[in-house]
Amino acid sequence: MSSQQIYGDSVPAAPPAPKHGTHAKPETEESEIVHTQNNATVSGAHPLLFKPMTLRDITFRNRAWLPPMDQYSAFKQDGMPTDWHYQHYVSRANGGFGLVITEATAVSPEGRISPDDVGLWNDAQQNTWRWIASGIAAAGAVPGIQLNHAGRKGSSGDFTVGFNNASVPFENGGWQTVAPSRVPFGSYAIPNELSRDEIHGIVADFRNSAARAVAAGFKVIEIHAAHGYLISQFLDPLSNVRTDDYSGSLENRMRFLIEIVDAIREVLPESLPLFVRISATDWAQGGWDLDQTVKVAQVVKRHGVDLMDVSTGGIVPYVSIPVAPNYQVPFAAEVRAQAGIPTTAVGLIDKPKQAEKILRKGWADAVEIGRAALREPSWPLHAAYKLGLNRHQAPYPPQYLRGAYRDEK
Ligand SMILES: Cc1cc2nc3c(=O)[nH]c(=O)nc-3n(C[C@H](O)[C@H](O)[C@H](O)COP(=O)(O)O)c2cc1C
């Protein structure tokens, strides 16, 4: 697909050759006997998809997670989450997800992807997020938040404001974007180059938003370092052509990310996990690749990051991406194996047995179900049924037990 707009629709292409990490250790749990309601046992083994997982002091009830998905629904253009966000996230928590990660949430007004993006830079936003985080937790899921600065991909259009795949003019709520260098994304407006003081200001914004996220009740923070937004603009040599010590060597290009990791760890309790979402490749010649991703994973791990959420693409438009089921799984497997850090896999994973296989092969520690969860908020409840769990083993809210999946044949 073209990554002109990474969150737009994609056209499936031919599947890539299967490939996986050679050192990944498969997790097995073969002994448990499952009493099924629908006779659909999984080789007599308890599905790993529904095996709890613990990072630091936080236990996820299963490994089917909701990835961040921008809703473009802060309709007053004030960064405030709305009723839409409450029902969207809480219904997926009721649907059985183990972790619900909110969409890219901006650390400042200029950090938003579109004028209708949510943020977390003031008290009113913090109070509204508290309502949502508490709704997610009450439904048994762990509430997580993705923090983002959009950089040169900010001030872009969405379904409310229009200007699809283009910069939004000032009179429609747009703003002057910023980036490591004055290199635009495709046909978007040219960004201003950030000064060193401005860079330090954005690091402080991440710290402040993280402190607000903790106060609002989030138990996981994910730093958005993927998809061509500001942090990945620093990482990638195609978008970062500065001449100071934030550019050049990989060590320099990852400096901004490491400063953000350290700043967030200062305000995040030891008991809570920190994730980084990264694009493992930008699918472009001379750009970001798996080797650099593995090196970054090794470094952030030493700085207190607990899991890498492995995606791809988004830094440059018009590249060809071999989109197909599992197409990003090999990257999650390699990062897990080579950097020795837990990973999640994401990208066209929508079948329960497919998800289960990814975990059994040791390619990732958890899977994220994105677009499939937009059409099916209770994807995990259905998956539990398909993998042979009875309704008492599946993550039903007690109020919904009488509506549990039964024999579909
Ligand atoms: C509507 C929509 C919005 C998205 N917004 C975000 C986002 O805010 N942050 C992010 O990291 N990824 C975002 N993504 C990417 C998803 O998290 C996920 O990686 C991608 O959809 C591939 O997974 P899937 O095939 O299961 O949908 C978005 C995807 C969609 C469809």
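Trainee: What should I keep in mind before reading the model?

Mentor: Because the model is predicted, local features need pLDDT of at least 70 and side-chain atom pairs count only at pLDDT 80 or more, while totals for chains, interfaces and linings use all residues. Residues are numbered from 1 along each chain as its sequence is written.

Trainee: Where is Trp283 found, and is Trp283 buried or exposed?

Mentor: Helices (H or I, at least four residues) and strands (E, at least two) are DSSP runs, numbered from the N terminus. Trp283 sits in the loop between strand E11 (274-279) and helix H7 (290-302). A residue is buried if 20 or more other C-beta atoms, placed from the backbone, lie within 10 Å of its own, exposed if 12 or fewer, and partly exposed in between. Trp283 has 20 such neighbours inside 10 Å, so this residue counts as buried. Trp283 also has a positive phi of about 60°, although it is not a glycine.

Trainee: And which loop holds Tyr318?

Mentor: The one between strand E12 (307-311) and helix H8 (329-339). Tyr318, again not a glycine, has a positive phi of about 65°. With 9 other C-beta atoms within 10 Å, Tyr318 is exposed.

Trainee: Which residues of H7 and H8 meet?

Mentor: Two residues are in contact if their C-beta atoms, placed from the backbone, lie within 7 Å. Leu290, Thr293, Val294, Ala297, Gln298 and Lys301 in H7 meet Phe331, Glu334, Val335, Gln338 and Ala339 in H8.
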